[in-house]
Amino acid sequence: MMSFPLGADRHFFGQSAMLNAIDHLVVNVTDLERSIDFYTRVLGLEARYHDATRIDLYLDDFALRLHVTQATADKTHPAVPGNQTMGFRSSLSLAEVEAHLEALGVPLDKGPAEHRAADTLYVRDPDGNLIEISRPRRR
């Protein structure tokens with residue numbers, strides 16, 4: 001039997017799990033204002049905190065934290081904009097999402113595609129980060 005530290009094996013899937021949600025995800029960008037425009041206007045995230053080097057954009061309680069590349073603290077592993085992938089679930093049909101993106105002039109990277117559990121389409125943010133937008137299939 002596999003052993004976990006701190007007795008995690010007994011509580012991993014229960015209410016006593018150490019982690020219960022993702023708080024935020026950091027995405028490194030080259031132009032903060034351009035990225036703010038994309039994530040708020042195109043994807044509808046809400047800006048709640050902003051300073052010269054970062055912004056926190058929210059989707060419910062989840063924060064997408066955009067950092068300007070030069071502001072990254074870890075100089076031993078420099079951040080490279082354009083190599084992250086993020087996935088978001090849509091409450092709209094993918095046809096509605098596609099129409100919204102088309103109206104804003106945002107090209108699809110690929111899709112829509114049908115997968116077993118969801119239908120997906122992909123776009124890229126201004127730095128080239130891949131964004132998957134999916135709509136879970138009804139069972």
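Analyst: A residue counts as buried under 20% relative accessible area and as exposed over 50%, with partly exposed in between (1.4 Å probe, protein chains only). Of the 139 residues of this chain, 31% count as buried. The model is predicted, so local features need pLDDT of at least 70 and side-chain atom pairs pLDDT 80 or more, while totals for chains, interfaces and linings use all residues. Numbering starts from 1 along each chain as its sequence is written, and side-chain values use heavy atoms, without hydrogens or water.

User: What share of the contacts in the chain with a separation of 6 or more joins residues 24 or more positions apart?

Analyst: A contact is a pair with heavy atoms within 4.5 Å. Among those with a separation of 6 or more, 50% join residues 24 or more positions apart. Ser-35 and Pro-126 give one example: the two are 91 residues apart along the chain, yet their C-alpha atoms are separated by 6.3 Å. Ser-35 lies in helix α2 and is buried, at 0% relative accessibility. Beyond four places in sequence, Ser-35 touches Val-29, Leu-66, Pro-126 and Asp-127.

User: Which residues touch the most other members of the largest nonpolar core?

Analyst: The general idea is that nonpolar side chains tend to be buried together in soluble globular proteins. A nonpolar core is a set of buried Ala, Val, Leu, Ile, Met, Phe, Trp, Tyr and Cys residues joined through side-chain atoms within 4.5 Å. The largest one here has 23 residues, and Tyr-39, Leu-64, Leu-66 and Ile-131 touch the most other members. Two or more residues each come from β1 (24–29), α2 (32–42), β3 (54–59), β4 (62–68), β5, α3, β7 (118–124) and β8 (130–136). Helix α2 gives the largest share of this core, five residues. As for Leu-66, its contacts beyond four places in sequence include Val-27, Ile-36, Tyr-39, Ile-55 and Leu-57.

User: How many aromatic pairs does a search of the whole structure find?

Analyst: Rings of Phe, Tyr and Trp (its six-membered ring) pair if their centres lie within 6.5 Å; planes under 30 degrees apart are stacked, over 60 edge-to-face, and the rest tilted. The search finds one pair. Phe-38 and Tyr-39 form it, edge-to-face, at 5.2 Å centre to centre and 85° between the planes. Phe-38 is buried at a relative accessible area of 6%, and Tyr-39 is buried at 0%.

User: How much space lies in the largest pocket?

Analyst: On a 1 Å grid over the protein atoms alone, a cavity is a set of points where a 1.4 Å probe fits but cannot get out; a pocket is an open set with protein on both sides within 12 Å along at least five of seven lines, and lining residues have an atom within 4 Å of a point. Points are joined across faces, edges and corners, and the volume is the space filled by probe spheres set on them. The largest pocket holds about 320 Å³. Its lining has 14 residues, and Leu-43, Arg-89, Ser-90, Val-97 and Ile-133 are the closest to its centre. Both β5 (85–89) and α3 (94–103) supply at least two lining residues; the largest share, three residues, is that of α3.

User: Is Ser-134 buried or exposed?

Analyst: Ser-134 sits in strand β8 and is buried, with a relative accessible area of 11%. Its contacts beyond four places in sequence are Phe-88, Arg-89, Ser-90, Leu-94, Ala-118, Asp-119 and Thr-120. Glu-114 lies 20 residues from Ser-134 in sequence and 9.6 Å away, C-alpha to C-alpha. Glu-114 belongs to strand β6 and is exposed, at 68% relative accessibility. Beyond four places in sequence, Glu-114 contacts Asp-119 and Arg-137.

Terms used: Helix = DSSP H or I, 4+ residues; strand = E, 2+ residues; numbered from the N terminus.
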